[in-house]
Amino acid sequence: MNHQGSPNMILWFFLAVFILSCILMGWLLWPFVSVIILAIVVTAVFTPVYKRLNRRLKPALASLLTCVLIFFVLFLPLSFLVGILANEAWELYLTARGALQSKPIMELLEKSDIFDKINIFLARFNIEITGEQLNRAIAEFGRVVALFLYEQARSITTNVIKFIVNFFFMLLIIFYLLIDSPRLMSFIVKISPLPEDQDQILIQKFKDIATAILLGNGLGGLIQGTLGGIVFALFGLKSPFVWGVIMGLLAFLPIVGIGAVFVPAAILLFSQGRIGAGIFFLVFYIILSSAIEYLFKPKLVGQRVRMHTLLVFLSIIGGLKLFGILGIIYGPLVVTAFLTLAEIYLASYQQLIEPSN
């Protein structure tokens with residue numbers, strides 16, 4: 001006897017099985033989620049290169065050459081710089097920890113009159129800063145940041161094989177994504193219950209944010225970090241490479257930026273009596289950050305990513321806290337998904353849920 005359930009029962013049974021299979025698939029891929037996300041982001045950035053090569057070459061060869069370019073652009077410099085970063089970060093950590101005990105900054109400030117001038121100005125607001133407080137704040141900042149960078153770099157250097165395997169695994173994913181991304185996007189659009197135009201909006205938003213993160217913020221951070229590190233080295237400040245990396249990361253933050261390093265460095269130079277150097281640091285910081293924020297980034301990225309400055313700041317800080325150094329990428333992606341879905345909800349679904357007046 002052939003029994004068939006009602007269409008509703010069949011539908012609900014299928015949905016339950018399908019959702020279970022999605023959960024199991026996510027569980028299966030979860031160990032590689034960071035590699036997959038990075039591969040998707042890097043693919044979005046290097047797709048224009050692949051398309052240019054694909055005009056003259058077969059897809060497989062064009063994708064292979066693009067992956068070779070990614071290897072030389074990302075893997076070799078990263079492998080070279082991580083070892084230097086680990087050594088300098090540890091030295092900076094020891095220096096900052098020693099500063100908490102020896103209090104050299106406080107002694108310098110007490111010898112100069114600039115500290116008294118600062119307190120005279122702050123007295124109008126009933127605020128007073130002691131040398132002890134400033135010494136601990138600057139030294140603690142350097143200690144915490146240096147320890148964070150050291151741990152991030154050490155996690156790579158102590159797991160060299162894992163780092164190499166993950167990178168080449170990412171290249172393998174990129175190789176197939178470059179070739180099959182149109183079919184993958186078509187599959188996602190077909191399987192998604194959302195209308196096609198809404199799927200396209202989501203996909204385009206993620207492409208835009210990936211481009212903005214890696215091209216806009218990434219290149220902007222690279223320029224600011226490199227030039228900042230060179231200036232630190234020219235003026236004889238310690239650990240210029242580490243401070244360059246710190247400035248490169250801080251460049252992602254729209255509110256703080258590289259000023260979190262340059263302004264305290266200028267104050268330190270003033271306290272040492274190097275007035276000209278301190279003024280140069282402040283002027284250099286203003287010119288460099290303004291050129292990147294108002295000339296370089298708008299020209300490179302345009303108006304494709306419109307996100308409130310405070311929201312960008314919070315997304316990166318939250319991403320760093322949850323995911324480590326990769327939070328610079330993950331945080332804005334999460335916020336982009338939320339904002340895009342919120343726009344779709346307001347445009348298409350709010351009137352279906354809320355009763356009309």
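Biologist: Which residues have the most contacts inside the largest nonpolar core?
Modeller: This is a predicted model. Its largest nonpolar core has 27 residues. Those with the most contacts inside this core are Phe232, Met247, Val261, Phe262 and Phe281.

Biologist: Which residues does phenylalanine 262 touch?
Modeller: Leave out residues up to four places away in sequence. Phe262 is among the residues with the most contacts inside the largest core. Phenylalanine 262 then touches Gly228, Val231, Phe232, Met247, Phe281, Phe284 and Tyr285.

Biologist: How many residues are in the second, separate core?
Modeller: This core includes Leu38, Ile70, Phe75 and Ile329. Leu38 is also one of the buried residues of H2. The second core has 26 residues.

Biologist: Where in helix H2 does the kink lie?
Modeller: Helix H2 covers residues 33-54. Its kink is about 50° and comes shortly before proline 48. Buried residues in H2 include Val45, Phe46 and Thr47. The kink lies at phenylalanine 46.

Biologist: Is cysteine 67 buried or exposed?
Modeller: Buried means under 20% relative accessible area. Cysteine 22, at 40%, is partly exposed. Cysteine 67 has a relative accessibility of 7%, so cysteine 67 counts as buried.

Biologist: How many disulfides does the structure hold?
Modeller: A disulfide is a covalent bond between the sulfur atoms of two cysteines. To count here, the sulfur atoms must be within 2.5 Å. The number of disulfides in the structure is zero.

Terms used:
Residues numbered from 1 in each chain as written. Predicted model: local features only at pLDDT ≥ 70, side-chain atom pairs only at ≥ 80, totals over all residues. Heavy atoms only, no water. Buried < 20%, exposed > 50% of the residue type's maximum accessible area, 1.4 Å probe, protein only. Core = buried A, V, L, I, M, F, W, Y, C linked by side-chain atoms within 4.5 Å. Contact = heavy atoms within 4.5 Å. Bend = angle between axes of the 7 residues up to and from the residue. Helix = DSSP H or I, 4+ residues; strand = E, 2+ residues; numbered from the N terminus.
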